[in-house]
Amino acid sequence: MKIHEFQAKEIFQKYNVPVPTGGVAFTPEEARSIADRLGGYPVVVKAQIHAGGRGKGGGVKLAHSLEEVGTIAGSILGMTLITHQTGPEGRLVQKVLVEQGLNIQKELYLSIVPDRSTAKIVVMASEAGGMDIEEVAEHTPEKIIRVHIDPLAGIQPYHCREVAFGLNLPPAAMKMLTAMLGNLYRMFLETDASLVEINPLVLTAEETVVALDAKVNFDDNGLFRHKDLLEYRDLDEEDPLEIEASQYNLNYINLDGNVGNMVNGAGLAMATMDIIKRAGAEPANFLDVGGGASAEMVENGFRIILSDKNVKGILINIFGGILRCDVLAQGVVEAAKKTNIGVPVVVRMEGTNVEEGRRILAESGLQLITAVDLKDAAGKVAEIVNA
Ligand code: GDP
Ligand code: MN
């Protein structure tokens, strides 16, 4: 689960990680009243969306008067912000964070993520912070410090010193960073985070270190034990089809292509997407209806695929194991009765009760295209969408 910068900063404050003073606003008037309570100018107005790169996209602006706070907030609120992380369609901005501007001496980078290859937690830091850490990682990887922490032993003072020395901080700031890193690490563990990233972490002119930006993601599998964090979920930032699918316990992810596909099992779904691509087409979604799907789940999945306007053809690829082929066929027929299927559907089905499943489909009166195997199915659906 992703959260907003202002929410991440609320959590930072609970863990004594220094952040600029500020508040979140939904209207220019609210933005002005927050700015009025801060200690002078400049004041920073920042678009709150679940995507980075806002600075470059025009979603982070400095205001030098109360009036300017109002005009800037007015122009950012309601804008469709396009950044390298939003895709070309951009994201509607519905709230802004209004913060005290800082005297920046230097922009640094700091993050904590799990490192699966070493089964450790890695702290990454760099003196080359600011907006382009991806560029730094690609062209000058030696500028990124990596400190691995054994999760069983926990973070030790020498880990923190290694990071602080690596960042070439002045002594007072070094002490501050050491304390801050310990707190961030504790937050990372206690909240079941999968990412904590501060870019930039700033060294101010007063030689303090402050988290100017904050990005936190949580492991969805840990959320059941963090009811308080679930309050931070913002459905406005999520794909409506994915929200609907999650209500039916379907593993659905919306993608850019035009071949809708329904598959049972995540591995088979991944393989199906590969084969669709190999046949020269692009998948419109990932959908794993699960091993034990009911006819109702199949029906809901089918309806969700069809409500994606980009879909020009559908490939159903089912290996009947626990999900029997007759149950699947029943679900497809039910869905077809209730929705108007305006696109061709190719079916490849094997396994338990396959004969019964084929009979249900054949007698349904639906215009279905059957395939003998997966390659044949992908070829047929690719031919349809590329015609
Ligand atoms: P992102 O572009 O979405 O990652 O948003 P950030 O929160 O990182 O802001 C982008 C950039 O805006 C930062 O790298 C800073 O250069 C600038 N910025 C943000 N807050 C302040 C501030 O308080 N003072 C000044 N001078 N610049 C700021
Ligand atoms: Mn940033």
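## Exercises on a predicted model

Asp 239 caps the N-terminal end of helix α9, with a side-chain oxygen 2.8 Å from the backbone nitrogen of Leu 241. The structure is a predicted model. The exercises below begin with this helix.

**Exercise 1.** Determine which residues of helix α9 are buried and which elements they pack against.

*Solution.* 
Step 1. Locate the helix: α9 covers residues 240-247.
Step 2. Inspect accessibility. Leu 241, Ile 243 and Ala 245 are buried in this helix.
Step 3. Look for the partners. The buried residues of α9 pack against β13 (251-254) and α11 (295-306).
Step 4. Examine what comes after the helix. α9 is followed by Asn 249, which has a positive phi, near 60°.

**Exercise 2.** Identify the residues that coordinate the manganese ion and state where in the chain they are found.

*Solution.* 
Step 1. Find the donors. The manganese ion (ligand 2) is coordinated at 2.1 Å by Asn 199, through O, and by Asp 213, through OD.
Step 2. Asn 199 belongs to strand β10 (residues 193-204), whereas Asp 213 is in the loop between β11 (209-211) and β12 (215-218). The two residues are 14 residues apart, and the pair links distant parts of the chain.
Step 3. Check accessibility. Both Asn 199 and Asp 213 are buried.

**Exercise 3.** Describe the surroundings of ligand 1 and state what share of its area the protein buries.

*Solution.* 
Step 1. Count the surrounding residues. Ligand 1 is surrounded by 17 residues, the closest being Lys 46, Arg 54, Gly 55, Glu 107 and Asn 199.
Step 2. List polar contacts that involve the backbone. A polar backbone atom of Gly 55 is 2.8 Å from an oxygen atom of ligand 1. For Leu 102, a backbone N or O atom lies 3.1 Å from an oxygen atom of the ligand. For Gly 53, the corresponding distance is 3.2 Å.
Step 3. Consider the area. Ligand 1 taken alone exposes 570 Å², and the protein buries 85% of that.

**Exercise 4.** Classify Asn 285, Met 124 and Asn 183 as buried or exposed, and list their contacts beyond four places in sequence.

*Solution.* 
Step 1. Recall the cut-off: a residue is buried when its relative accessible area is under 20%.
Step 2. Take Asn 285, which is found in strand β15 (residues 285-288). Its relative accessible area is 1%, so Asn 285 is buried. Beyond four places in sequence, Asn 285 is in contact with Tyr 252, Ile 253, Leu 255, Val 259, Gly 260, Asn 261, Met 273 and Ile 305.
Step 3. Take Met 124, located in strand β8 (residues 120-126). Met 124 is buried because its relative accessible area is 16%. Beyond four places in sequence, Met 124 touches Tyr 109, Leu 110, Ser 111, Val 113, Ile 144, Ile 145 and Arg 146. The C-alpha atoms of Met 124 and Val 113 are 8.2 Å apart, and these residues are 11 residues apart in sequence.
Step 4. Take Asn 183, which lies in helix α7 (residues 171-190). Its relative accessibility is 17%, and Asn 183 therefore counts as buried. Beyond four places in sequence, Asn 183 is in contact with Tyr 15, Asn 16 and Val 17.

**Exercise 5.** State how the chain is divided into domains and how far apart the centres of domain 1 and domain 3 lie.

*Solution.* 
Step 1. Read the bounds: domain 1 is 1-20 + 103-237, domain 2 is 21-101 and domain 3 is 239-385.
Step 2. The C-alpha centres of domain 1 and domain 3 are 41 Å apart.

Key. Residues numbered from 1 in each chain as written. Chains lettered and ligands numbered in written order. Predicted model: local features only at pLDDT ≥ 70, side-chain atom pairs only at ≥ 80, totals over all residues. Heavy atoms only, no water. Donors = N, O, S within 2.8 Å, 3.2 Å for Na, K, Ca; no water. Helix = DSSP H or I, 4+ residues; strand = E, 2+ residues; numbered from the N terminus. Buried < 20%, exposed > 50% of the residue type's maximum accessible area, 1.4 Å probe, protein only. Contact = heavy atoms within 4.5 Å. Domains from an automatic or database assignment. Near = heavy atom within 4 Å. Polar contact = N/O pair within 3.5 Å; in protein donor to acceptor, adjacent residues only side chain to side chain. Areas by Shrake-Rupley, 256 points an atom, 1.4 Å probe, with all protein chains shown as cover.
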